[in-house]
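Keep the picture at hand as you read.

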Amino acid sequence: MKHSKRPFKLAAYYAHRGYHDKPQIPENSMAAFRRAVEYGLPVEFDVHLIADGSLVIFHDDDLERQTGVKGSIEAYDITNLRKLRLEGTDEMIPTFDEVLELFEDTGLPLLIELKCVKRNHKELAKAVAERLDSYKGEYVIESFDPRVLLEYRKLRPEVIRGQLAQNFFKSKEGLPFYQVVMLTNLMLNRFTKPDFIAYKFADRKNPVLRSIIRRKGYDEMSWTIRSAEAYRTALREGSIPIFERITPEELKELLSKGDKED
């Protein structure tokens, strides 16, 4: 049976991990997501599946960078996880439900990254897909892990999917050499069949990436954009910026010029 894609166009930009403003407003916090809603911004964020089956919003596998507590987020249940605080603030780690409820009636698109840990790709994809079945807002999903995209394609072939990647020769992330080669050069795309590519901005000159974009016509995203100059460069090169550290004043100017150019 052939499934048609959801009729959805990618947003022109996304605020990375919410529209955070450190140190007062941590990344992937409800404060960062409320700030994004205040400024009318589509957002990117990260989803983990933890020990009790709950879905929560957090970037790293290890909790220490953001909470000061060592240990894997996947080992926690929601009760103990909610006792932790983000980056010295009163902000807790949000649940997937909380973020979806905040955005559902705003009309703001979501870019949802699935964070696979210890081969939980099937359980993660299934839990996210089932929760999003009842979500009325616009969204697309993405992952670094091709297994997640393969699983999501099986479960919900109509949902727009993106392959995250970077030059893993520069940052091997503990991967064996064959995976470094395959993931850097998007060699599993023939199986995962992504609808867009989200590649690290600093690594965007990778000749294999440029060839694939040119030949296949993928939409391209660039992460992470951290200045107005880089934002403009991404736009000039035809890429969708995933940004942070850009002030409201800078953002207002960038979006105003973008509207005039359109």
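## A pair across the chain

Asp-133 has a relative accessible area of 49%, so this residue is partly exposed. Please keep in mind that the model you are looking at is predicted. Which residue does Asp-133 form a salt bridge with? The partner is Arg-156, and the closest N and O atoms of the two are 2.6 Å apart.

Side chains of opposite charge can pair when their charged atoms come close. In this structure there are 18 salt bridges. One of them joins Arg-17 to Glu-27, with 2.9 Å between the closest N and O atoms. Both residues lie in the loop between S1 and H1, so the pair ties together parts that are ten residues apart in sequence. Are these two residues buried or exposed? Arg-17 is buried, with a relative accessible area of 12%, and Glu-27 is buried as well, with 2%.

This pair belongs to a network of salt bridges that links Arg-17, Lys-22, Glu-27, Asp-60, Arg-65 and Glu-87. Elsewhere, Arg-147 and Asp-145 meet through their side chains in a salt bridge of 2.7 Å, N to O. Arg-147 is partly exposed at 31% relative accessible area, whereas Asp-145, at 14%, counts as buried.

## Two helices side by side

Two packed helices are described by the angle between their axes and the distance between the axes. Now find helix H4 (residues 96–103) and helix H5 (residues 121–132): they pack at an angle of about 30 degrees, and their axes are 12 Å apart. Angles under 35 degrees count as roughly parallel, and H4 and H5 are therefore roughly parallel to each other. Their crossing is right-handed.

Which residues make the contact? From H4 come Phe-96, Asp-97 and Leu-100, and from H5 come Val-128, Arg-131 and Leu-132. Sorted by class, four of the residues in this contact are nonpolar, two are charged and none is polar.

Where can you find cis peptide bonds? One runs from Lys-22 to Pro-23, with omega near 5 degrees, and Pro-23 lies in the loop between strand S1 (14–16) and helix H1 (30–39). Another joins Trp-223 and Thr-224, with omega about -15 degrees. Thr-224 has its place in strand S8 (residues 219–225).

Phi angles are worth a look too. Lys-118 is not a glycine, but its phi is positive, near 55 degrees. This residue lies in the loop between strand S4 (110–114) and H5, and with 75% relative accessibility Lys-118 counts as exposed. Arg-245, also a residue other than glycine, has a positive phi near 65 degrees. You will find Arg-245 in the loop between strand S9 (240–243) and helix H11 (248–261); at 60% relative accessibility, Arg-245 counts as exposed.

## Around helix H10

Finally, look at helix H10 (residues 228–236), where Ala-228, Ala-230, Tyr-231, Thr-233 and Ala-234 are buried. Just after H10 comes Gly-238, with a positive phi of about 80 degrees.

Conventions
Residues numbered from 1 in each chain as written. Predicted model: local features only at pLDDT ≥ 70, side-chain atom pairs only at ≥ 80, totals over all residues. Heavy atoms only, no water. Axes fitted to C-alpha atoms, helices over the stretch in contact; angles between N-to-C directions. Helix = DSSP H or I, 4+ residues; strand = E, 2+ residues; numbered from the N terminus. Parallel < 35°, antiparallel > 145°, perpendicular 65-115°, else oblique. Left-handed = near helix turned anticlockwise from the far one by under 90°. Contact = heavy atoms within 4.5 Å. Nonpolar A, V, L, I, M, F, W, Y, C, P; charged D, E, K, R; others polar. Buried < 20%, exposed > 50% of the residue type's maximum accessible area, 1.4 Å probe, protein only. Salt bridge = Lys/Arg side-chain N within 4 Å of Asp/Glu carboxyl O.
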